Amino acid sequence: MAPKYGRSETAKITSVKAEERFDNIDFSNVVADGMALSIHTAYTCPCGTRIGFQKHDFERHLQQPFSNVARDISKCFDEFAQEHLGRVRDYLDWVCPSCGLPARVYFEFWAGGKHGDFGFHLHTVVEAAPPPSSAN
Ligand SMILES: [Zn+2]
């Protein structure tokens with residue numbers, strides 16, 4: 001039985017938990033016992049390519065949201081998020097340099113605590129597989 005992928009007609013959208021693709025999904029400026037949390041993470045594409053990110057990549061995106069993927073793909077991601085991800089709205093997206101798979105990770109930003117602590121949690125990865133007939 002073929003799964004149903006929302007209302008999208010231009011791309012097949014799939015979602016996976018962020019921890020299935022990223023080797024680190026929590027960032028914060030909290031320092032515990034003199035040890036800061038890692039500021040690095042890497043996404044592993046289904047094709048095997050690893051794409052590295054740093055904490056500031058996500059921070060920068062909070063201030064200046066933009067999309068790196070094709071507009072129709074971006075729209076499909078938006079629709080998917082609206083339907084399935086509820087309040088999680090912040091994202092970072094990219095196109096795999098090896099296989100061309102557009103992907104986006106949605107993340108939640110948090111702030112609080114007496115020391116001005118803040119951080120974010122990578123939530124869900126959405127990936128799009130455009131039909132072969134409609135390559136950009
Ligand atoms: Zn890839």
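Predicted model: local features only at pLDDT ≥ 70, side-chain atom pairs only at ≥ 80, totals over all residues.
Local features are given for pLDDT of at least 70 and side-chain atom pairs for pLDDT 80 or more, while totals for chains, interfaces and linings use all residues. Residues are numbered from 1 along each chain as its sequence is written.

**Exercise 1. The chain as a whole**

Task: State how many helices and strands the protein chain has, and in what pattern.

Solution. Helices (H or I, at least four residues) and strands (E, at least two) are DSSP runs, numbered from the N terminus. The protein chain has two helices and nine strands. Along the sequence the pattern reads β-β-β-β-β-β-α-α-β-β-β. Next comes burial: a residue is buried with 20 or more other C-beta atoms within 10 Å of its own, exposed with 12 or fewer, and partly exposed in between, the C-beta atoms being placed from the backbone. Of the 136 residues, 23% count as buried. Last come contacts, that is, residue pairs whose C-beta atoms, placed from the backbone, lie within 7 Å. Among those between residues at least 6 apart in sequence, 57% join residues at least 24 apart.

**Exercise 2. Helix α2**

Task: Check the length of α2 (residues 71–84), then find its buried side and what covers that side.

Solution. The expected span is 1.5 Å times one less than the number of residues. For the 14 residues of α2 this gives 20 Å, and the end C-alpha atoms are 20 Å apart, which agrees. The buried residues of α2 are I73, C76, F77, F80 and A81. They lie on the same side of α2 because their arc around the axis is only 135°, taken from the directions from the helix axis to the C-beta atoms. An α-helix has 3.6 residues a turn, so residues three or four places apart point the same way. R71, Q82 and E83 are exposed on the face turned away from the buried side. The cover over the buried residues includes β1 (12–17), β7 (90–95), β8 (102–112) and β9 (117–129).

A nonpolar core is a set of buried Ala, Val, Leu, Ile, Met, Phe, Trp, Tyr and Cys residues joined through C-beta atoms within 7 Å. The largest has 20 residues, and I13, C76, F77 and V105 have the most contacts inside it. Two or more residues of this core come from each of α2, β7, β8 and β9. The most, five residues, come from α2.

**Exercise 3. Strand β5**

Task: Sort the side chains of β5 (residues 40–44) by face.

Solution. β5 is joined to antiparallel β6 (residues 50–54) by five bridges, and Y43 has I51 as its partner.

**Exercise 4. Residue H56**

Task: Decide whether H56 is buried or exposed.

Solution. H56 is found in α1 (residues 55–63). H56 counts as exposed because it has 10 C-beta neighbours inside 10 Å.

Technical notes. Contact = placed C-beta atoms within 7 Å. Pairing = 2+ DSSP bridges.
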